[in-house]
Amino acid sequence: MLQAALAGGTAGRRSVFELFGRRLPEGRRYGVVAGVGRALDAVEEFRFDDEALAALEGVVDDATVAWLADYEFTGDIWGYAEGDAYFAHSPLLIVEASFAEAVVLETVLLSIYNHDSAIASAASRMTLMAGDRPCIEMGSRRTHEEAAVAAARAAYVAGFANTSNLAARQRYGVPTAGTSAHSFTLLHDSEEEAFRAQVSSLGRGTTLLVDTYDVAEAVRLGVEVAGPELGAVRIDSGDLGVLAHQVRQQLDDLGATRTRIVVTSDLDEYAIAALASAPVDGYGVGTQLVTGSGHPTSGFVYKLVAREDADGELQSVAKKSVDKISVGGRKYALRRRDPDGVAEAEVVGIGTPGRNDGDDRELLVPLVRDGRVVGRETLDAARQRHLDARAELPLEVRSMSKGDPAIPTVFEGV
């Protein structure tokens, strides 16, 4: 496309691209925007070095290679801030630049947003069900090694307390935590020996894995070795609800009343909800989180919605195919709220901003201006935004049953 546009003289036309989803994943009542910070880093670093250009020889012509050699994004980008909620047709990114500059960003932007938002959307449902009990991200072994780092970051935005992925700590400052595996217990001649080695090295506040052999015996040994100051025990198999009640009773009888119980083992939002009445103090979540709990992608698309005409004016354009219709025009967005601050609708203005009655919240913020990143923020700011955005949604978002979006999307303007 770039080569043909350069040759045809249309590559420089001012264009507006929009990144959005036509619908939420089936049955979901809301989605969560994540990956904004990673996308800004990607735009800032998006260049074609000599090695990349050499690989393009024979793929595109020399004129296109020459253009790519000097590539640097100089346009503007607006978008939903990281951690916010989104709905069908929410204009998550508005990219305004020449056609050539904007079109080459399509794949990298979609890749980041589709993955990170899918993880954050699943993570939000899990932390919603967990309430005040912390969730630990533990999915690195169940996905691609780079996706694992991004997943840990996205999960933190959506409320997870920490991650077992140390690269996420190194790159993004995500707090880390972890426990020993069954292999550590099996390494030793006895479970008691393993526990003594762990407590000696890591202190009484460590978390002991108690389901390698017999749970009740392991709990007894753990308290014997660490004393009532034992930090936590982890259960990774069996009927977690039943075992949690039995272990809590045993810990209390042994005087370890402050020892916490952490459960793992293929947890998702439904399993966490089912454990709400169990004496569980924390959840370790892996496979279901990093695979989006059944929805590993958000289904976002990146479409040209306006472009410059012969008179230099922006002309709305849109795809018209029956099952993949897009809505043309430069978009604006606000969340319509009632006087109590509860969200009522996602209002998407076409060409002009939607009507704000004073209770509503504007959603698009400047991210890139004249090629310079202006919207970078801390992960903790995104994390707090998520809590605030989720809190303003109607109460039905707390239901894990399949249902319609929590609020409708309304288009305003021409």
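**View 1. The lining of the largest pocket, sorted by residue class.** In this predicted model, the lining of the largest pocket divides into 4 nonpolar, 11 polar and 5 charged residues, where Ala, Val, Leu, Ile, Met, Phe, Trp, Tyr, Cys and Pro count as nonpolar, Asp, Glu, Lys and Arg as charged, and the others, Gly among them, as polar. The space in this pocket comes to about 530 Å³, and of its 20 lining residues the closest to the centre are M138, R141, R142, R234 and D236. A pocket is an open set of points on a 1 Å grid over the protein atoms alone, where a 1.4 Å probe fits, with protein on both sides within 12 Å along at least five of seven lines, and lining residues have an atom within 4 Å of a point. The volume is the space filled by probe spheres set on the points, which are joined across faces, edges and corners.

**View 2. Helix 7 against helix 15.** Helix 7 (residues 145-157) packs against helix 15 (residues 379-391) at an angle of about 50 degrees, with the axes 8 Å apart. Because of this angle, helix 7 is oblique to helix 15, a word for angles that are not under 35 degrees (roughly parallel), over 145 (roughly antiparallel) or 65 to 115 (roughly perpendicular). R153, Y156 and V157 of helix 7 meet L379, D380, A382, R383 and H386 of helix 15, contact meaning heavy atoms within 4.5 Å. Axes are lines fitted to C-alpha atoms, for helices over the stretch in contact, and angles run from 0 to 180 degrees between N-to-C directions. Helices (H or I, at least four residues) are DSSP runs, numbered from the N terminus.

**Notes.** Residues are numbered from 1 along each chain as its sequence is written. Local features need pLDDT of at least 70 and side-chain atom pairs count only at pLDDT 80 or more, whereas totals for chains, interfaces and linings use all residues, and side-chain values use heavy atoms, without hydrogens and water.

Technical notes. Helices (H or I, at least four residues) and strands (E, at least two) are DSSP runs, numbered from the N terminus.
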